[in-house]
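Have the viewer open and follow along.

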Amino acid sequence: MASFNFTSSDPSAFILMGIPGLEDAHMWISIPFSTFYIIGLLGNSMVLFVVGKEQTLHKPMYLLLCMLALTDIGISTSVVPKALCIFWFNLKVITMGGCLTQTFFLHAVSVMHSAVLVTMAFDRYVAICNPLRYVTILTNARIAKLGLVGLIRAVLCTLPAPLLLSRLPFCANRIIPHTYCEHMAVAKMSCGDITVNSTYGLVMAFVVIGLDLMLVALSYGLIIRAVLRISSKKAHTKALNTCTTHICVMLTSCVLFLFSTLTHRFGQGIAPQVHIFLTDLFFLIPPMLNPIIYGVKTKELREKVGKYTCRSVSTFTFNHGHQNWREDSSSSRTIANYRGTLSISEPYLCIDHLMADFNLTPSGPSTFILTGIPGLEADHIWISIPFATSYIICLLGNFMVLFVVSKEQTLCKPMYLLLCMLALTDMGTSTSVVPKALSIFWFNLEFITVGGCFTQMFFFHAGTVMHSAILVAMAFDRYVAICNPLRYATILTNARIAKLGLVGLIRAVLFALPLPLLMSRLPFCANRIIPHTYCDHMAVAKMSCGDITVNRMYGLVIPFVVNGSDLMLIALSYGLIIRAVLRISSKEAHQKALNTCSAHICVMMMSYPPFFFSILTHRFGQGIAPHVHIILANLYFLLPTMLNPIIYGAKTKELREKVGKYICRMWSLGDH
């Protein structure tokens, strides 16, 4: 990295450190940063393009959505490119003018973003409470005026921030422990009185955001009052469903913004890297998720995006020789070759024609049909983006862990051997599910043989049980390291860890093997369409026309026996750890001891809740929409497997240093 380290001769320049304490992990951290930024740009650009091209979308709601897309692009672009320059090329220097400009733009766009959310809440209020007057109250011209008012307010509220900073004296220390020039982070570098800056920043945040939240709450209060006056439950659901996207966007945006504001002023006890990670999430998560949320939930926009996506992909396939598309006047796809005809509804003829090129029909009747995410078939291309991205990051991160631990003799220790086992199970569970899901999303390869289905079922359930066993072994490792540090080397040898891994593997096979065996005895009738992205045990069992009581009981009891006992052992380990820590008088020793467990606790929190949610909703979640079931079930195979190597890489100093060494070595080879 030294080859890229440019220093500035300007004494008025600042130095942005990135994420303090995690400098060696900057290359790793840049992966989700750049991924989220690219997805955000593509999604928001697609929204702007489609709304701009389609006259039928020139309505207040979609104009507001365009404003939201522009603010999302502005928010992320004001921060992420500079952060990536720090992570990739060590370009930490930023001029005083550049710093103040960044401060102005990111805060102005944040205030504008809040104003757009308020206008959207008002739009929903008028649509539900005054539907007959909607067209006259909210015209396109009025929306443009509201947008202009929001922009003027944003400029007026934000302009004093850089002006107040410019009057402050800055001494020798100009190193800002942050990824961008946040108002209070820069103010704290001053050797003068920053009371005015601190007060202004706090008051404006709560006046602007607080006022906006009050207006949003007022709108929803009036909406709820109007909805409760309707007698029909169906009308209740329909009215409130129109607000779900806006509520999701509100939650992802306002919570992170208020957290950032409060922690900079009152969060002295929070580690600096935690501050910065969570404030950066405000510039990454909402801009990435907003177009996906609105694209999935808004039918009219979804149809138009599907049309343009099909057009672009069909042009590509036409140029590569696929010129014989079958024209069909119906909006459904017919799948033959299995005891008659199965018709699967497909709302978009364009997607039907496009996917028909890749649709391979089986030669035998012993097949199932995986439909992907029911109700969102037209959005499969969009949904595949986070799927593919998470899977690639998972493979890269876990391969890096395996490579570094195998190459470095100093890492051949019990803790890192357990981390390698976790990496292998992460790759195994995700690979058992994601490639097939992507083949459904991209090429419409929905067929899977009965043997293939049962094999997939065995491997991902065995991987899940093995994953839980490794988390128990890791909790035991932390218990020994904290409660018996002098005996650690004798209690947990590499040979003993290998034996624990073998026991976990045997247990996983013994518990997972009955699932496909029980399934193979069931009779399956004409309906073999599984509304899922993979062969989940209960999803397949529900396709049977026989008695599935045994399958249901085994599928419910075993996860709770296995994972319940594992959670009890983990809770016992942490109970003993907490008891040992509380006996230590030093607060610093408390923090150091508990910090060694933080990575394991994070991995635990990401793994078990999605797993239990998936198990319970398949049995008791009749009121939950099918696509919600399936998206949340798939999160278990995407988020933990992607984030585990990042968490351990960022939190484990020794591993972080070794990974940094190999990354630097690759960069230096690239320079030569």
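## Starting at a cysteine

C483 is partly exposed, with a relative accessible area of 22%. On the scale used here, buried means under 20% relative accessible area, exposed means over 50%, and partly exposed is in between, with a 1.4 Å probe and protein chains only. Another cysteine, C394, counts as buried at 1% relative accessibility.

A word on the ground rules: this is a predicted model, in which local features need pLDDT of at least 70 and side-chain atom pairs count only at pLDDT 80 or more, while totals for chains, interfaces and linings use all residues. Residues are numbered from 1 along each chain as its sequence is written, and side-chain values use heavy atoms, with hydrogens and water left out.

## The whole protein

The protein holds 26 helices and eight strands. These are DSSP runs numbered from the N terminus, where helices are H or I with at least four residues and strands are E with at least two.

Of its 672 residues, 52% count as buried. Contacts can be looked at by sequence separation too: among those between residues at least 6 apart in sequence, 80% join residues at least 24 apart. Contact here means heavy atoms within 4.5 Å.

## Two disulfides

How many disulfides does the rule give? The count comes to two, where a disulfide is a pair of cysteine sulfur atoms within 2.5 Å. In general, a disulfide is a covalent bond between the sulfur atoms of two cysteines.

One of them joins C99 to C181, with an S to S distance of 2.1 Å. C99 sits in helix α4, while C181 belongs to the loop between β3 (175-176) and α8 (183-187), so this pair ties together parts that are 82 residues apart in sequence. The torsion about the S-S bond of C99 and C181 is about -120 degrees, so the disulfide is left-handed. Both C99 and C181 are buried.

A disulfide also joins C453 to C535, with S to S at 2.1 Å. C453 lies in helix α18 (residues 450-483) and C535 in the loop between β8 (529-530) and α22 (537-541), so the pair ties together parts that are 82 residues apart in sequence. About the S-S bond of C453 and C535 the torsion is about -120 degrees, so this disulfide is left-handed. C453 is buried, with a relative accessible area of 0%, and C535 is buried with a relative accessible area of 0%.

With 34 residues, α4 reaches 50 Å from its first C-alpha to its last, close to the 50 Å expected at 1.5 Å a residue; the expected span is 1.5 Å times one less than the number of residues. α4 is mostly covered, as 26 of its 34 residues are buried.

Q102 has its place in α4 (residues 96-129). Is Q102 buried or exposed? Q102 is buried, with a relative accessible area of 8%. The side chain of Q102 reaches the backbone oxygen of S78 at 2.8 Å. That is a polar contact, meaning a pair of N or O atoms within 3.5 Å; within protein, one must be able to donate a hydrogen and the other to accept it, and residues adjacent in sequence count only if both atoms are side-chain atoms. Leaving aside neighbours within four places in sequence, Q102 is in contact with S78, V79, K82, I94, Y180 and C181.

## A three-stranded sheet

An open sheet of three strands has the order β7-β6-β8, with mixed pairing. β7 (447-449) and β8 stand at the edges, each with a single partner strand, so one side of each is left without a neighbour in the sheet. Two strands pair if DSSP finds at least two bridges between them.

Strand β6 (residues 367-370) and β7 run antiparallel and are joined by three bridges. The bridge partner of T367 in β7 is T449. Helix α18 packs on the sheet, touching β6, β7 and β8, and its direction makes about 85 degrees with that of β7. Axes are lines fitted to C-alpha atoms, for helices over the stretch in contact, and angles run from 0 to 180 degrees between N-to-C directions.

## Two asparagines with positive phi

N90 lies in the loop between α3 (80-89) and β2 (93-94). Phi of N90 is near 60 degrees, a positive value in a residue other than glycine. N90 is buried, with a relative accessible area of 17%.

N444 is found in the loop between α17 (434-443) and β7. Its phi is near 60 degrees, again a positive value in a residue other than glycine. N444 counts as buried at 7% relative accessibility.
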